[in-house]
Amino acid sequence: MASLAFEPVPALEGRRRTPGLIVMKFGGTSVGDTEKLKRVAVRLVSAREAGAKVVAVLSAMGSTTDELIRLAHEVSPTPHPREYDMLVSTGERISNALCAMAIHDLGHEAVSFTGSQAGIVTDASHTKAKIVEVRAQRIHEALDANKIVLVAGFQGVSTSTHDVTTLGRGGSDTTAVALAAALGADVCEIFTDVEGVFTADPRLVPGALKLDAISYEEMLEMAASGAKVMMARSIEIARRYGVPLRVRSTFVDGDGTWIGEEDALVLEKAIVSGVTHDTSEAKVSIVGVPDRPGVAAQVFRELARAGVNIDMIVQNASQDGEAAISFTLPKTDVPTARPILDRVCGEIGARRWEPDEAIAKISLIGAGMKSHPGVAADMFDALAEAGINIEIISTSSIRVSCVIRRGRARRAGRARPVPAPLRRACRRPLSESASSARRARSAASRSSSCARGATSTCACSRPRAPPGSSSASGRSRRRRRRPSLPATSISSSSRSGRARRASSSRTPSPAARSRSTSRRPTASTRATRSSCRR
Ligand code: ADP
Ligand code: ASP
Ligand code: MG
């Protein structure tokens, strides 16, 4: 089943450190028009003048990608995947080439590359390709020639077909992190339209709080369960190679949010670091499934072969020799799954299957859940009080997710008592090489004057007061023990579980090894423990 399969992270050819290198990624809103592009150019030049080597990854301008996708569907209801990638990859070429021109006009050397020219090698899965290798020779040569390098995000080239591929929506994050890993950058800075990673989407939940720091593990769970601010795949790569990440605003000066190894980041773990909600998935229910071995295997094997990305799976207890299986998948995968389910249901003798696109998944994420029982019960209480019915539940050791009706998602996101996150603090700089990280960060800070002319500083480079005295932590200590959940026959969230497996089953980088003081539990032990705790 693809959703449980081992997912390789990229092989990074000739990986070595490049002291003083920063990778700066700018999202679509940050390069929304030519004025904004020129401001990005100024920022890149300032970083260069401050002594950093600079690789920038720019997304397509504003809603260019949405517009290109709209055009594709205007021409064809099911656009040919190869041609779709040829089309949508052009947005990033435009923004990067324009920015390189603006940098030339500021008197600096710059060169823009397509994903292929930059050596981003992927598998052949059009529209959701995975980076399998980075061949960064051309980038190194350009950096050695003192150029600012711009790389078109979101795209690569397939090794087998030599065609242009794209990495899935939000894929420029993945380009930036893969480059930072391959080039051995001191830091990868993600510039976006919010001030960092918040406890919930700040556009939907006005009281959401910005986090100073968050672990890879928590960010991966948040991204995999719908927090759009970072693409989940980029966090897998950052974690595997120990790339220090900072999410910060392009428009407002501030420290942003650091993402790194839990041990290096936090003095105390938040019980709940974030709440996410995701309306991009559909639920499929197969009813009247004969209760015999091999049936679930057949359904999910066939879907996996077609590249359908399954997330949560629940099988109800069998009655009169029949069971029901429900699972969630991206809405965009429903057209692929449809003919497969029609055929497989006939073959296994299931009564029928039905899709349901009116669902939302709401999740609580927090590393402190590992040691604090009762979070799931609190979440279910809150949903019950808001009159919201839960259709599917799944958990990991640091996440509880519930599928609910889509129309109730906003209300659920604002439902009572998500404990405020514990205050968190950075204990030491994130980078393997603290001094070069500091150099790069101060270069980045000097380059980061916002529109008002203020200058940012790095939160992590100065010591902070320990967080233990916060009222939230007091609340957490008063938390009552609650009974665990009734067992569900099968419950899994394979997408984020897979992400953890991919990261944890690989040999950690030397840096990650030296930072990591204790072995993490395997996915399976975590799953068992989490169901016991809740
Ligand atoms: P970019 O174009 O810069 O890549 P995205 O739109 O992909 O930006 O991601 C930024 C958006 O992510 C924000 O505008 C915000 O609405 C959304 N978002 C969702 N969840 C969160 C969260 N927990 N913290 C911050 N932003 C979030
Ligand atoms: N332009 C692409 C998108 O809109 C990639 C990105 O912005 O990261 O999804
Ligand atoms: Mg994005």
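**Figure 1. Start of helix 1.** At the start of helix 1, the backbone nitrogen of glutamate 35 lies within 3.1 Å of a side-chain oxygen of aspartate 33. The structure shown in this and the following views is a predicted model.

**Figure 2. Helix 1 along its length.** Helix 1 comprises residues 34-49, 16 residues in number. From its first C-alpha to its last, helix 1 reaches 22 Å, which is close to the 22 Å expected at 1.5 Å a residue. Beyond helix 1 comes glycine 51, with a positive phi near 110 degrees.

**Figure 3. Buried residues of helix 1.** The buried residues of this helix are Leu37, Val40, Ala41, Arg43, Leu44, Val45 and Ala47. An α-helix has 3.6 residues a turn, so residues three or four places apart point the same way. Among the buried residues of helix 1 are Leu37, Val40 and Leu44.

Figure 4. Phenylalanine 154 is a residue other than glycine, yet its phi is positive, near 80 degrees. The relative accessibility of phenylalanine 154 is 4%, and the residue therefore counts as buried, the cut-off being under 20%.

**Figure 5. Histidine 162 in the loop between strand 8 and strand 9.** Histidine 162 is placed in the loop between strand 8 and strand 9 (164-166). Histidine 162, likewise a residue other than glycine, has a positive phi, near 60 degrees. Histidine 162 counts as exposed because its relative accessibility is 62%, and exposed requires over 50%.

Methods. Residues numbered from 1 in each chain as written. Chains lettered and ligands numbered in written order. Predicted model: local features only at pLDDT ≥ 70, side-chain atom pairs only at ≥ 80, totals over all residues. Heavy atoms only, no water. Helix = DSSP H or I, 4+ residues; strand = E, 2+ residues; numbered from the N terminus. Expected span 1.5 Å × (residues − 1). Buried < 20%, exposed > 50% of the residue type's maximum accessible area, 1.4 Å probe, protein only. Polar contact = N/O pair within 3.5 Å; in protein donor to acceptor, adjacent residues only side chain to side chain.
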